[in-house]
2 protein chains.
Amino acid sequence: MKIDPKKPADLSAQIAGAIRDAIIGGDLIVDERLPSEAELADHFNVSRPTVREALKRLAAQSLIRTQRGASGGAFVNRLSFEDAYAQQITTSTLLLSMNAVSFDTACEARFALERACAPLSAQRRSADHLATMRAEIHRQQQPGLTDEAFCASDVAVHRALVDGAGNPVLSYQLAGAVEAMQPLMNMITFSARSREEIVAMHTELTDAIEAGDGPTADTVLVRLEDYTRTLARNVMAARAAKASS
Amino acid sequence: MKIDPKKPADLSAQIAGAIRDAIIGGDLIVDERLPSEAELADHFNVSRPTVREALKRLAAQSLIRTQRGASGGAFVNRLSFEDAYAQQITTSTLLLSMNAVSFDTACEARFALERACAPLSAQRRSADHLATMRAEIHRQQQPGLTDEAFCASDVAVHRALVDGAGNPVLSYQLAGAVEAMQPLMNMITFSARSREEIVAMHTELTDAIEAGDGPTADTVLVRLEDYTRTLARNVMAARAAKASS
DNA sequence: GACTTTTAAATGTCAGACAAATAAAATCTG
DNA sequence: CAGATTTTATTTGTCTGACATTTAAAAGTC
């Protein structure tokens, strides 16, 4: 492990960076145990609390995990797809909520990426993915459903579509794009009429995926994107009218 | 800010979670100052080092930034696209290197997503993006170029293509997919012949983008994906043959 | 009024201690 | 000797208290 020139930033940040580089660079391999906190403190010539702060930084990024007790310690963590999903979703959600990203921009990104998955999903989806989509579509038709639950179900349909492509890297990349939209979608109130439209398109989409018909799935997604953006525009317009009255 | 039931996990993790939820939930807004470490310690009934570990966790995710001195403290950080890019790339790179993701899987994901950007980029790219692509293609034809530099330039071309779509959310999502492939690509040795092929396809791609011709750009990307996978397969085969001899 | 000095508040760091968990070693028991 | 039990050592988690450093605002000076 390399040293830290005492020039610029916080010691704990420097130490975290040094260990992170060692992990990324392959000097520390998965499940390898790091030296104990006391040894690290000695090695870097800092106190144990400082080392601990560095380790907590790494733990926050799921780069290491810690275990107490004898032969415990900090271990290089195998970054699972699941962990990566969660981070991706958190980051994407914050990015959208903090940067005044327009609904159109987020929507365009989401559907562009989903359309990239559609042909693969049409080709490879399992019966399980189809069943999930059908079940969610069924849920969407129930009368008492809140707008929020409707949105959540909408996300579930699209997640199943993406997962149907059978490419975990794609699923990971898409997790952010799809899930991060949910807070934005939640601003929309869905009338009975618009729910009907969306359910119809979800059904068409699922039918196309079941039939292995990528091009049709693509056109349905295009229409769904258009419709979603129109709904959002109407909500904005209504809100603006209300504000000026 | 909520409390922490003393049942399950580390206090610092619980506190970090509570503050994180407050930020995501909008209870703490961008640039708002958190209570001082001493106040937080008092509020959560823990010691200052414990609070500090929690804050370092949040800092590692770029959720907060800290400032020393009077009227310093921890502030809710506006998550910039730049910060998000960096995190995205780190996470994606580790995910690929630690999970035995096949070259084909990563490659498929990357090109599927890039193809989603191509039509948008053909429509909206600025002269700047085109110039970047042309300049990188020119660099790729220079004789002394190392394989690594060739790969880096390849990534730059594709980054420009993606950025040309003019959608920062797309650029962010794609950053991981494109950049994380680089370590995998670096395993390939590029013969003069294969460089020539790739340069030719990059040129075709750039021409199509310049002409606003999305469909052609798409077909070029399909061919480039095929070619990349073939190259990788050959490298693997050669390596396997060498190992068995 | 403009400049300098002082002060106070906050994070960054350190040292030493104890608690709690845990696995391995030592001990005891049949 | 085999197996269960106790002890021990190691390591992380947490606390207390202190000092260093940075920084903005208050106080003082000309």
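**Two helices in chain B**

Modeller: α6(B) passes α10(B) in a left-handed crossing, where left-handed is when the near helix is turned anticlockwise from the far one by less than a right angle, and right-handed if clockwise. This is a predicted model, in which local features need pLDDT of at least 70, side-chain atom pairs count only at pLDDT 80 or more, and totals for chains, interfaces and linings use all residues. Residues are numbered from 1 along each chain as its sequence is written, with chains lettered from A and ligands numbered from 1 in the order in which they are written.

Biologist: At roughly what angle do the axes of α6 and α10 of chain B cross?

Modeller: Helices are DSSP runs (H or I, at least four residues), numbered from the N terminus. Axes are lines fitted to C-alpha atoms over the stretch in contact, with angles from 0 to 180 degrees between N-to-C directions. Here α6 (residues 127-140) and α10 (residues 192-210) of chain B come within 10 Å and cross at roughly 165°. That makes α6(B) roughly antiparallel to α10(B) (angles over 145 degrees).

Biologist: Which residues in α6(B) meet α10(B)?

Modeller: Contact requires C-beta atoms, placed from the backbone, within 7 Å. B:L130, B:M133, B:R134, B:I137 and B:Q140 do so, and their partners in α10(B) include B:V199 and B:H202.

Biologist: Which residues touch the most other members of the largest nonpolar core?

Modeller: Such a core joins buried Ala, Val, Leu, Ile, Met, Phe, Trp, Tyr and Cys residues through C-beta atoms within 7 Å; buried is 20 or more other C-beta atoms within 10 Å. Of its 92 residues, A:C117 and B:C117 touch the most other members. A second, separate core of 36 residues includes A:I15 and B:I15.

How values were computed. Angles under 35 degrees count as roughly parallel, over 145 as roughly antiparallel, 65 to 115 as roughly perpendicular and the rest as oblique. Two residues are in contact if their C-beta atoms, placed from the backbone, lie within 7 Å. A residue is buried if 20 or more other C-beta atoms lie within 10 Å of its own, exposed if 12 or fewer, and partly exposed in between; C-beta atoms are placed from the backbone.
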